[in-house]
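Please consider the sequence and the three-dimensional structure shown below. The paragraphs that follow lead from the chain as a whole to selected elements and residues.

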Amino acid sequence: MIRRKILYLFILAVWCWLVMLYNFQELRFLLAILLCVPLLCLILVLPQRRKTELELKGIPEYVTRGESIRLRAVVTYKGRLPLAGFRIKGIWRAWGVKALRVESMVRGLGGRSRREIEFTLPAEHCGSAEFTVKKAVIYDCFRLFSVSVSSGKKEKVLVTPRLEPVPEHEVSVLLNLLRMRAVSDEGEPFVREYRFGDSPRSIHWKLTAKEDELQVRDIDPDRQISLFLNLTDRLREQPEQRDFFLDRACSLMAFLADVCKDQAVVCWMQDGILHRNRIREPEDIYPCIRKLILVKRAGVADPRDPAVQGMLAGCHLEEDGRLYLGEQCIDEE
């Protein structure tokens, strides 16, 4: 388009020079045509901006790390006059990589037509990703002028970790721990004071009304299986190591949701506060994964905190991806 404008201005300048040299009526008439026809096309294309719609499709709510996202930009033109083309410019921002600028164009839009533009976007690291339309324009018949149609449209997607099978030696350790801490069917629920991060579904409303403080039903800490995820702020500077940590954490969460039923608790630090998440059924891991990968600042776990001491006494996953039972590292071989 820039070349077309430069060529048009060059022709216009040459024609003005000829008009100044030769006083011919025909030259002036042709100069008027060179000036008026492009302006007329611009005037005609201005109302068509309201008849052109852009819609983004194809981005799911979740996508697994390593997969490609196929984004479709659907252009619907409801006008009658033909257009020379439609151009869209966007930017793809994903966690751990530089922003990717994409651009594409559809040439020739007839009256009342519908066209699609497809982009292939990478999802390399876990986290939130976003596609933003920076500029979308339509062109007049000569492609000399462009009119903005839509900009600022956004679509977000959450890039989730890969769920892989838990190693057999870790499975045996966790199953033995589950047998040791099994809760009998006649066991009474353990009631304690509400802590930040507890699910509202676990609140004991009758006891709360009686004590005038929030009380929650819980499993006796000696009978539950806790998994503490030592998510640190250093991992944000190491995308590959962070991906490996999240893959391990989510795989362990999925295993606990499958075998532990209502006896598994997953914890991590967020903004310096210990967050506890009860896994009651396999469907509970998806909100838990969403919270985990969107943590912006973990903070530092205070080893003197009794709650943190209780978490470290059970299973805890360190930032290097090693699983510990208390102070003992589970052999990976």
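Helices (H or I, at least four residues) and strands (E, at least two) are DSSP runs, numbered from the N terminus. By this definition, the protein chain contains seven helices and 17 strands. The model is a predicted one, in which local features need pLDDT of at least 70 and side-chain atom pairs count only at pLDDT 80 or more, while totals for chains, interfaces and linings use all residues. Residues are numbered from 1 along each chain as its sequence is written, and side-chain values use heavy atoms, with hydrogens and water left out.

Two values describe the chain overall. A residue is called buried when its relative accessible area is under 20%, exposed when over 50%, and partly exposed in between (1.4 Å probe, protein chains only). Of the 333 residues of the protein chain, 43% count as buried. Contact, in turn, means heavy atoms within 4.5 Å. Among the contacts in the protein chain with a separation of 6 or more, 68% are between residues 24 or more positions apart.

The first element to examine is a sheet. Strands of a sheet pair through backbone hydrogen bonds, either parallel or antiparallel. Two strands are taken to pair if DSSP finds at least two bridges between them. Here three strands, in the order β1-β3-β6, form an open sheet with antiparallel pairing. Its edge strands are β1 (52-57) and β6 (113-122), each of which pairs on one side only. From one strand to the next, the twist averages 20°. Between β1 and strand β3 (residues 68-77), the antiparallel pairing extends over six bridges. Within this part of the structure, E53 stands opposite T76 in β3.

Attention may now turn to a pair of helices. Axes are lines fitted to C-alpha atoms, for helices over the stretch in contact, and angles run from 0 to 180 degrees between N-to-C directions. The axes of helix α5 (residues 239-259) and helix α6 (residues 285-293) come within 11 Å and cross at roughly 160°. Angles under 35 degrees count as roughly parallel, over 145 as roughly antiparallel, 65 to 115 as roughly perpendicular and the rest as oblique. The helices α5 and α6 are therefore roughly antiparallel to each other. On the side of α5, the contact is made by R242, L246, A249, C250, M253, A254 and A257, and on the side of α6 by I285, C288, I289, L292 and I293. Ala, Val, Leu, Ile, Met, Phe, Trp, Tyr, Cys and Pro count as nonpolar, Asp, Glu, Lys and Arg as charged, and the others, Gly among them, as polar. The residues of this contact of α5 with α6 divide into 11 nonpolar, no polar and one charged.

Individual residues complete the picture. V159 is located in strand β9 (residues 154-160) and counts as buried because its relative accessibility is 2%. Beyond its neighbours within four places in sequence, V159 is in contact with several residues, including V63, H125 and I293. V159 and H125 are 34 residues apart in sequence, yet 6.9 Å apart in space, C-alpha to C-alpha.

Y139 belongs to strand β7 (residues 127-139); with 3% relative accessibility, Y139 counts as buried. L12, in helix α1 (residues 2-21), is likewise counted as buried, at 14% relative accessibility. Leaving aside neighbours within four places in sequence, L12 is in contact with L31, L34 and L35.
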